[in-house]
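Good morning, and thank you for coming.

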Amino acid sequence: MFVLDPATGLDALVRALVDDGYRVVGPLVRDGVIVYDDVRSGDDLPKGVTVEQSAGRWRLTIDDRPTRFSWTPGADSWKRFVFPAHQEVLRVRHVDGSFATTRPPSPDRPLALLGARDCETRALGVLDRVLIDPDHPDPRYAERRADTFVVAVTCGQPSATCWCTSMGGGPRPREGFDILLTEVTTGVHRLIAEPGSERGSALLARVGIAPATDEDHADVEAVADAATSSMPARLPGADIPTLLAGMHHPHWDEVAARCLSCANCTMVCPTCFCSTLSDTAALGADHAAGAETVRVQEWASCFQLDHSNLAGHPVRATTMSRYRQWLTHKLQTWPEQFGTLGCVGCGRCTTWCPAGIDLVEEAAVLIGAGAQGGTP
Amino acid sequence: MSRPTLAVWKFASCDGCQLTILDCEDELLEIAAALDIRMFLEAGPSELLDHYDISLVEGSITTAHDAERIVDVRNRSGLLVTIGACATAGGVQALRNTADVAEYCTTVYARPDWIETLATSTPIAEHVKVDHELRGCPVSKRELVDTITALLAGRRLPITSHSVCVECTAAGNHCLLVADGTACLGPVTHAGCGALCPGLQRGCFGCFGPSEAANLDALHAAWTAAGISDDALHRALRTFNVAAPEFRDAAARLTSSST
């Protein structure tokens with residue numbers, strides 16, 4: 001482990017990644033929320049930011065503390081960078097009585113994700129399982145994910161909507177990163193950096209920082225322990241699939257009465273992967289030589305009526321059936337389908353639900369366990 | 001190959017949707033090349049033909065004369081596509097539907113006896129069969145061009161009826177209702193605008209009307225939780241799509257619960 005100065009060390013890290021040819025993406029404060037976007041220096045990252053999250057509510061405050069990671073993530077997730085909301089897939093041009101196709105260029109640089117939390121590195125693992133599936137790989141996703149450098153961060157101050165500890169995670173990531181940073185604010189304010197891969201190790205050596213002491217190690221454990229104890233287990237994680245109520249439980253209708261069917265939960269979910277393909281032809285493309293048709297892939301949601309269109313008719317015509325589809329896929333049928341949990345416990349769906357529907361509370365009712373975890 | 005003929009008709013409206021057609025500056029020459037525009041008073045052409053392959057209809061029905069005229073337009077049209085909130089929901093002029101029109105006439109006009117008008121403003125689909133509807137106040141330029149393109153190619157229209165939230169979150173905007181307590185109709189509003197207002201930090205005004213699964217009671221609860229008054233919601237629902245059934249009924253429930 002190494003010790004970084006929260007200002008100069010972070011900046012050195014960003015610059016080293018840029019020098020190594022990465023597109024560095026990290027957290028920025030924009031219009032009162034945390035978003036992920038291109039970062040050019042360590043100074044771009046939030047400073048003194050606190051976030052308050054509850055069901056249907058987000059508030060961000062900034063004070064004069066020098067802290068860099070004293071917040072929890074917003075609606076934005078890294079999904080946007082590896083699986084964009086809107087991407088061109090194919091372009092077809094009518095030439096000499098035939099068709100010429102072109103595909104968009106591959107990314108020119110690998111991504112470096114700066115500041116990923118444990119729930120987020122696990123979410124990337126969940127997406128990898130789905131989108132780099134050996135039978136049905138998404139080549140564009142695979143290209144974007146290739147060589148991704150991950151600088152993870154220990155979650156020091158989880159929000160009220162965080163529940164990663166119920167879903168196989170915790171504030172301190174155990175894998176899926178090249179470098180892990182833990183911000184320590186007791187004593188001298190510092191970032192403790194530990195490598196998770198050889199290239200992470202090499203980068204830390206280059207940034208040239210002091211090795212960590214036993215006291216630093218102890219402080220890292222203390223940060224993670226304090227965060228863990230602030231998140232009591234709320235649901236019985238891996239046991240949820242067998243405990244979840246069946247299709248005819250009356251609570252599905254009760255939730256549906258409050259659900260806006262707006263699709264926000266699925267759009268902010270870091271593991272929701274549904275998409276749709278559509279073709280847009282240039283006006284008169286059927287007749288004009290040289291006219292182009294563009295095929296795009298866009299995020300889709302199981303809350304959209306046409307998501308379940310079969311033979312021109314939606315199979316899941318009611319909000320009840322769509323909410324049930326979403327929750328049961330996320331918590332019950334995903335393991336059956338992909339062998340992993342579909343939810344990482346990040347709480348985005350709960351915070352960013354305008355109706356304030358708390359997935360954990362609903363699931364607790366549906367497994368008959370109350371919101372305290374354990375078996376019913 | 002002969003180009004399909006097009007007519008653009010105006011009923012009770014502000015002409016904004018017709019102007020959106022003219023505002024398709026980059027595509028206008030292509031539209032004119034692909035279609036034979038024979039009736040479009042706003043732009044010039046005024047040939048009364050027995051048949052147009054496609055009719056675009058702007059505006060609502062507010063007079064007995066227009067109620068007859070729309071039947072005539074229908075009879076002359078192959079495909080009839082309504083454009084905008086007036087044609088699809090009755091427009092802002094449908095505020096009269098729950099008011100005393102005679103009293104309005106007395107208040108507004110010096111000679112109310114010269115005014116011949118119906119007691120209601122109604123969408124085109126209440127009078128004749130409509131093949132496709134484009135929502136919005138005004139319609140979206142992109143949806144308009146994509147619709148014309150799809151009609152010419154004989155493809156399904158690229159119109160999505162899910163909520164504005166879908167395009168808002170996809171655009172990378174954060175939810176204003178959640179993050180700022182901003183009054184936003186996005187969760188119950190039909191997509192198509194590209195989340196224009198929320199992208200500029202303004203709550204959605206609902207100008208595309210109700211979405212496919214609009215749950216107004218849930219929105220009422222969400223606005224209340226954000227500290228927004230029933231009066232504000234009542235006003236927000238009674239604008240461009242005041243007569244759209246979901247908005248109209250929700251506003252009526254608010255009125256009856258407050259009295």
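Where is the place of A:Ser261? A:Ser261 is in the loop between helix 8 and helix 9 of chain A, helices being DSSP runs of H or I with at least four residues, strands runs of E with at least two, both numbered from the N terminus.

This is a predicted model, in which local features need pLDDT of at least 70 and side-chain atom pairs count only at pLDDT 80 or more, while totals for chains, interfaces and linings use all residues. Residues are numbered from 1 along each chain as its sequence is written, and chains are lettered from A and ligands numbered from 1 in the order in which they are written.

A:Ser261 is not a glycine, yet its phi is positive, about 55 degrees. A:Ser261 is buried, with 27 other C-beta atoms within 10 Å; buried means 20 or more such atoms within 10 Å, exposed 12 or fewer, and partly exposed in between, with C-beta atoms placed from the backbone. The loop between helix 8 and helix 9 of chain A also holds A:Ala263, whose phi is positive, near 85 degrees. A:Ala263 counts as buried because it has 30 C-beta neighbours inside 10 Å.

I turn now to the interface. Here 38 residues of chain A are in contact with 37 residues of chain B, contact meaning C-beta atoms, placed from the backbone, within 7 Å. The elements giving two or more residues to the side of chain A that touches chain B include helix 9 and strand 5 (57–62).

Finally, in chain B, a cis peptide bond joins B:Cys137 and B:Pro138, with omega about 0 degrees.

Methods
Contact = placed C-beta atoms within 7 Å.
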